[in-house]
Amino acid sequence: MIRPNLHYAELRDSYLFFHIAQKTKAYLANHPDKRLYRMGIGDVSLPLCGSVIQALHAAVDDQAAKETFRGYMPECGAPELRSTIAQFYGRRGVALDDGEVFVSSGASDELGDILDLFDRSSAACIIEPAYPAYVDANVMAGRKIVRLPSSQDNGFLPEPPDDLDADLLYICSPNNPTGAVYTRDGLKKWIDFANRRGAVILFDAAYEAFIEDDSLPRSVFEIDGARECAIEICSLSKTAGFTGTRLGYTVIPRGLERGGMNFNAMWVRNRTTKTNGVSYLIQRGAAAVFTEQGQKEIRENIRVYKENARTLTDALDKIGVWYCGGKNAPYVWLKCPGGMDSWAFFDYILEEIQVVGTPGAGFGACGEGFFRFSTFGSPEDTRESAKRLIELLG
Ligand code: PLP
């Protein structure tokens, strides 16, 4: 009999979003006259920008003619798109060669797949509260997980403890769910730790486009020593509304090696075995994001989400609730007022003002007592939620 991967039995149910869906459904069943203000969603609400749509249409037309039709794409990404992304980094002062950029169909896919590069015996350090997929992907792989709790005291940006015993280090900055962003000095401590130990950092930069403070690093490769220890995983999902369109990119420096093995070369081998590349259409659409016009248009969408963030943080300032995030990230992470626990606060604002957010406890035990609001909703709903929060808690 085939033996299943028994590590799947160790996974905890996707309790967080399932439970939220159940609770909101039950509320609506009991209150059919009410509507909900959904401030918990991690999905974007604005459509793709005009430049991307035009490029997608043009690519569809290419597929209709013999002369322009494209079949299989190169597994690691279209050379033009790899080069476009390398140049995008170059404009920000990070020199990459095209072969260090891999095009993917999204950060989630990549965060799971990339684990193929590492022996299962190396433990993974996950700073909590954390994006739940980090934990689950490692549980599935049977890897030991070292949870590093963060807190209000360290601004949810812990330093590596000297006795940390893990070789795969997850860093998400700007962070989901806390919205906290590592400074250059903060990241440097992790990079030095990783290099001392021979560890590898998996740097999740999915929210880099939300950084507005220029002193904060948008890429781990802005920091000395990162090329010797880091892999960066990024995505157009939140930057450019590609959640349903799907495109991401991964940077693996050519010289990144451990135990005599080269991770860039290993990833080429992996991709050429396990994928047949990202769709031509989507890669053409993605290339439009990096044009001058595309950048202008995506900034306009990001500006809308930033205004949502300001609406929410202004409300929290008025109420006098502690929060972080919102400024350089699309998430606002707040301390539940009155010492409420995360789920009690969830129930309270659902019942009283029909606002739905995400309980912090769902991102790890140290998220208990905190709560996440997303800024990806509509400005109208965000304003109404903010007004209701002030009325209820102000
Ligand atoms: N990383 C983080 C921290 C995220 O919050 C998300 C999505 O919410 C992802 C990765 C996944 O991005 P993608 O849509 O590219 O799979």
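Visitor: How far does a backbone N or O atom of Ala-107 lie from an oxygen atom of the ligand?
Guide: This is a predicted model, in which local features need pLDDT of at least 70, side-chain atom pairs count only at pLDDT 80 or more, and totals for chains, interfaces and linings use all residues. Residues are numbered from 1 along each chain as its sequence is written, and side-chain values use heavy atoms, without hydrogens and water. For Ala-107, the distance from a backbone N or O atom to a ligand oxygen is 2.7 Å.

Visitor: Which residue has an N or O atom in its side chain 2.6 Å from an oxygen atom of the ligand?
Guide: Ser-108 places a backbone N or O atom 2.9 Å from a ligand oxygen. The side-chain atom at 2.6 Å belongs to Ser-237.

Visitor: What share of the ligand's exposed area does the protein bury?
Guide: Areas are accessible areas from the Shrake-Rupley method with a 1.4 Å probe. Alone, the ligand exposes 400 Å², and the protein buries 92%.

Visitor: Which element gives the most residues to the shell around the ligand?
Guide: Helices are DSSP runs of H or I with at least four residues, numbered from the N terminus. Helix H4 (107–113) and helix H7 (237–240) each give two or more residues to the shell. The top contributor, with 3 residues, is H4.

Visitor: What area is buried between domain 1 and domain 2?
Guide: The domain assignment gives domain 1 (6–48 + 295–393) and domain 2 (50–293). Buried area is the accessible area (1.4 Å probe) that two parts lose on being put together, summed over both. Carbon and sulfur atoms give 59% of the total, which is about 3,600 Å².

Key: A polar contact is a pair of N or O atoms within 3.5 Å; within protein, one must be able to donate a hydrogen and the other to accept it, and residues adjacent in sequence count only if both atoms are side-chain atoms. Domain bounds come from an automatic or database domain assignment.
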